[in-house]
Amino acid sequence: MPLISNVHGSPSKEDIRNIIKEEIDSANKNNKNSNKSNQVFVSHSFQGNDPDLAKTLEKELAKYNISAYLAEKEKRYGYIISNKIREAIRDSFCMVVILTNNSIISASVNQELGYAMGIERDIIPMVRTDIKDKVGVLLNDIEGEEFDSSNFEEKCRIIAEHISTLPKNKNTPSEHEQKFQVERGNF
Amino acid sequence: MNKLEEVQQKIKERGYWEIVLRPFQFQDKKFSHQQLRNWLQKHQVTNRGWYYPHISENKDYGDYYNVQGYVESYVHWSSYVENFRFYQSGQYVHYKGMQEDRINDDIPLSSQWNTSMQNPPPKQLFLEPIMALYQLTEIFLFASRLASEGVFGEQAVISIKLHNMNHRILRTLDFRRPGFYNRECHSQKIELGPFIKTPKDLESEYAKLAIDNAIGILALFDYTSNTLRDTFEKDQQNFFNKTFSF
């Protein structure tokens with residue numbers, strides 16, 4: 001049965017266009033609400049077994065209905081991260097960075113971390129115990145979870161549970177960022 | 001339209017750099033106008049003939065003055081067209097036209113350089129990679145100097161954008177350099193950062209940050225080379241020693 005009928009009992013072309021448009025708008029809206037506002041960016045190295053660690057975290061997050069964005073392996077240069085990654089970080093309400101011997105020297109992890117800090121996303125470090133002294137000064141003050149090879153899954157569960165309690169509406173500039181934007185006005 | 005508005009319009013009608021340096025945390029009216037002026041004069045980078053930032057004292061070509069909340073400077077002279085504001089919060093915002101796009105404005109760029117060292121500029125819009133490296137080095141060095149004065153507090157946020165880049169080609173004007181030829185950019189805007197850096201980080205990393213980002217820009221022209229970092233390190237050293245050929 002048509003949802004909208006004209007006086008002759010069948011939908012007009014205009015009605016059909018409106019229905020399709022509403023369907024698309026609704027799908028977009030749902031998609032936006034269900035995926036992006038509940039997304040966590042997982043920053044990790046592509047060396048060694050780090051991708052497996054990221055997948056383990058992804059599974060634990062999924063148990064709390066939180067989607068994880070894991071970057072695909074791609075070559076990156078210098079300090080420029082792709083628009084796709086920027087968008088994914090902006091669309092995520094927080095970032096978990098898995099810090100291992102591989103990731104602390106990874107250019108892409110450092111780029112992602114810098115960008116997330118720049119737009120003031122919450123950052124939760126998971127630090128392998130044997131490298132905790134090598135973590136940079138900017139992350140030293142941020143509380144995270146230490147892990148080793150025997151307890152990573154358990155630590156992921158703790159992190160996922162913690163993340164599930166965080167506010168999700170982080171897609172707007174932070175208070176400080178907004179003030180600087182106001183100061184600039186149209187300049 | 002007044003002179004400032006004319007300059008602002010000129011900057012944005014072609015390729016331009018947008019540079020934002022700011023503290024991580026906002027604090028209104030933290031510094032006096034005089035402090036801002038003193039820092040600009042003390043810390044501008046003077047390795048090239050045209051200092052970064054350029055403070056326009058000559059009213060024929062621009063101006064430099066206090067406004068409530070910030071100091072401002074603008075200039076349009078030869079191939080240089082710029083406008084910056086330095087706010088009392090410590091935020092510094094600078095729009096700078098790409099010199100490459102104004103080669104024949106008023107005084108040709110070629111007359112300022114050693115023409116025997118130059119390739120003819122292409123007809124198409126282009127980016128000169130060595131000039132980009134020098135520009136980035138000036139920005140990060142200037143940021144490092146301001147940070148050392150405590151302008152940004154514990155952490156500085158640095159964001160750099162290059163606008164109107166789509167279909168621009170890579171071209172060096174130094175005839176001795178092979179390569180770089182006709183690689184094309186397919187991004188309208190190139191964004192670098194934001195980088196969050198402590199004053200100490202900036203002091204130790206500013207030179208590397210400039211090179212990393214110059215390499216990153218060239219990658220968006222699909223240009224990569226195993227020797228590029230070495231080349232840029234030598235170019236940057238020449239910049240610091242003021243021994244560059246152009």
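**Two chains, checked against the cut-offs**

Modeller: A salt bridge joins the side chains of A:Arg184 and B:Glu18, with N to O at 3.0 Å. The model is predicted.

Colleague: What makes the contact of A:Arg184 and B:Glu18 a salt bridge?

Modeller: The cut-off is 4 Å from a side-chain nitrogen of Lys or Arg to a carboxyl oxygen of Asp or Glu. A:Arg184 and B:Glu18 meet at 3.0 Å, so the pair qualifies. Across the interface of chain B and chain A, the rule finds two salt bridges.

Colleague: How much area is buried between chain B and chain A?

Modeller: About 2600 Å², and carbon and sulfur atoms give 64% of that. In chain B, the residues that lose the most area to chain A are B:Arg22, B:Phe26 and B:Pro194, together 23% of what that side buries. By contacts, 36 residues of chain B meet 20 residues of chain A.

Colleague: Why is the pair of B:Trp50 and B:Trp77 called stacked?

Modeller: By this rule there are 20 aromatic pairs over all chains. The ring centres of B:Trp50 and B:Trp77 are 5.9 Å apart, and the planes stand at 5 degrees. Pairing needs centres within 6.5 Å, and stacking needs planes under 30 degrees apart, so the pair is stacked.

Colleague: Which parts of chain B does the pair tie together?

Modeller: B:Trp50 is in the loop between α2 (33-43) and β2 (62-67), and B:Trp77 is in strand β3 (residues 70-77). These parts are 27 residues apart in sequence.

Colleague: Is B:Trp50 buried or exposed?

Modeller: Buried, because its relative accessible area of 14% is under 20%. B:Trp77, at 26%, is partly exposed.

Colleague: What makes B:Leu40 count as buried?

Modeller: Its relative accessibility is 0%, and the cut-off is under 20%, so B:Leu40 is buried. B:Leu40 lies in helix α2 of chain B. Beyond four places in sequence, its contacts include B:Pro53, B:Phe84, B:Phe86, B:Tyr92 and B:Phe142. B:Phe84, B:Phe86, B:Tyr92 and B:Phe142 also form one aromatic cluster with B:Tyr52. The peptide bond between B:Tyr52 and B:Pro53 is cis, with omega about -5 degrees.

Colleague: Why is A:Asn65 called exposed?

Modeller: A:Asn65 has 62% relative accessibility, and exposed means over 50%, so the label holds. Its phi is near 60 degrees, a positive value in a residue other than glycine. In chain A, A:Asn65 lies in the loop between α2 and β2 (67-70).

Colleague: Is A:Glu60 buried or exposed?

Modeller: Buried: 5% is under the 20% limit. A:Glu60 lies in helix α2 of chain A. Leaving out residues up to four places away, A:Glu60 touches A:Glu153, A:Cys156, A:Arg157 and A:Ala160.

Colleague: Where in chain A is the pLDDT below 50?

Modeller: Chain A averages 77, and 70% of its residues score at least 70. Residues 1-11 fall below 50, with 12 contacts beyond near neighbours in sequence. Residues 26-35 are also below 50, with four such contacts. Where pLDDT is low, the coordinates should not be read in detail.

Definitions and conventions:
Residues numbered from 1 in each chain as written. Chains lettered and ligands numbered in written order. Predicted model: local features only at pLDDT ≥ 70, side-chain atom pairs only at ≥ 80, totals over all residues. Heavy atoms only, no water. Phe/Tyr/Trp six-rings, centres within 6.5 Å; stacked < 30°, edge-to-face > 60°. Helix = DSSP H or I, 4+ residues; strand = E, 2+ residues; numbered from the N terminus. Buried < 20%, exposed > 50% of the residue type's maximum accessible area, 1.4 Å probe, protein only. pLDDT = per-residue confidence, 0-100. Contact = heavy atoms within 4.5 Å. Buried area = accessible area lost by both parts, 1.4 Å probe.
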